[in-house]
Amino acid sequence: RGVIRLFANPVFLLLPLLMTCAGASEQAVSQWASTFAEKGLNVSKTLGDLMGPMLFAVLMGTARAIYGKKGDRMDLTKTMIFSSLLCIFSYLLISLSPVPLLSLIGCGICGFSVGIFWPGSLSLAGRQFPTGGTGMYAILALFGDVGCSLGPTLAGFISGGADHLSTGILCSVIFPVLMLTGLLLTCRKKKPSGKAQ
C-alpha cells in the first residue's frame, strides 16, 4: 500500500523515468561499443574489444569510485545534470565524429558520464522518500533493468534498418536527453537539499 501511494506523488513519478534512462544511457553504448569500433570505425576485433568496452568500463568505474568517496560533498542533482550534458555530448561525438579516435574517446567519456546515473538516481529516491522502503528500490531497479534492455535494443533496431550503427547511437541520445529533462523537472517540483544521502 505504501508503494502504491508513492505513485500518487508527481515527484516520485519522475524517478522511474530517471532509472530507465540511467540503464538505457549506459547500455546503449556499452553493449554495442565493440561492434561499433569494429564495423563503424574499421578496427580489428581485438582493438575494438579493448578500446570500446574496456575504456567505457574503466571510466564508468572511475566515476562511481569518485562518487562513492566524495558523494557526501557533491550537489547531487547538479552533478547529475552536468553528467547528462556530458553524456549527450559523448553520444554526439561517438556518432557524428569523422575521426575514429575521437569516437572511441567518446565511448570513454560516455562511460564516465553515466557512472553516476544509477547510484545517483537511487540516492535521489532515498533522499526524497526516506520511508519508501525496499519496495520502492525494487520498483526502481525494475525500471532500471527495463532501460538496460531498451537502450541497446533501440540502438540495434535502428542501426539494423539504417545499416549503420552510428545512426542507432545517434538516435539513442534521446535517453540522456530525457534524463536531463527529468532532472530539471525534479528541481522544479521539489528543490533538493543539495547533498547526497
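Modeller: This is a predicted model. H5 and H6 are roughly antiparallel to each other.

Biologist: At what angle do H5 and H6 pack?

Modeller: Helix H5 covers residues 76-96, and its axis lies 8 Å from that of H6. Angles over 145 degrees count as roughly antiparallel, and the pair is therefore placed in that class. The crossing is left-handed. The packing angle of H5 and H6 is about 160°.

Biologist: How do the residues of the contact of H5 with H6 divide into nonpolar, polar and charged?

Modeller: On the H5 side the contact includes Leu86, Phe89 and Ile94, and on the H6 side it includes Leu102, Ile109 and Phe112. Ser83 and Ser90 of H5 also take part, as do Ser103 and Gly106 of H6. The division is twelve nonpolar, five polar and no charged.

Biologist: How far apart are the axes of H2 and H6?

Modeller: Helix H2 (residues 10-30) and helix H6 (residues 100-114) pack at an angle of about 155°. That makes H2 roughly antiparallel to H6, and their crossing is left-handed. The distance between their axes is 10 Å.

Biologist: How many residues of H7 are buried?

Modeller: Helix H7 spans residues 117-128 and has twelve residues. Buried means under 20% relative accessible area, and among the residues of H7 that are buried are Phe117, Leu124 and Arg127. The helix is mostly covered, and its buried residues number nine.

Conventions. Residues are numbered from 1 along each chain as its sequence is written. This is a predicted model: local features need pLDDT of at least 70, side-chain atom pairs count only at pLDDT 80 or more; totals for chains, interfaces and linings use all residues. Side-chain values use heavy atoms; hydrogens and water are left out. Helices (H or I, at least four residues) and strands (E, at least two) are DSSP runs, numbered from the N terminus. The expected span of a helix is 1.5 Å times one less than its number of residues. Buried means under 20% relative accessible area, exposed over 50%, partly exposed in between (1.4 Å probe, protein chains only). Axes are lines fitted to C-alpha atoms, for helices over the stretch in contact, and angles run from 0 to 180 degrees between N-to-C directions. Angles under 35 degrees count as roughly parallel, over 145 as roughly antiparallel, 65 to 115 as roughly perpendicular and the rest as oblique. A crossing is left-handed if the near helix is turned anticlockwise from the far one by less than a right angle, and right-handed if clockwise. Contact means heavy atoms within 4.5 Å. Ala, Val, Leu, Ile, Met, Phe, Trp, Tyr, Cys and Pro count as nonpolar, Asp, Glu, Lys and Arg as charged, and the others, Gly among them, as polar.
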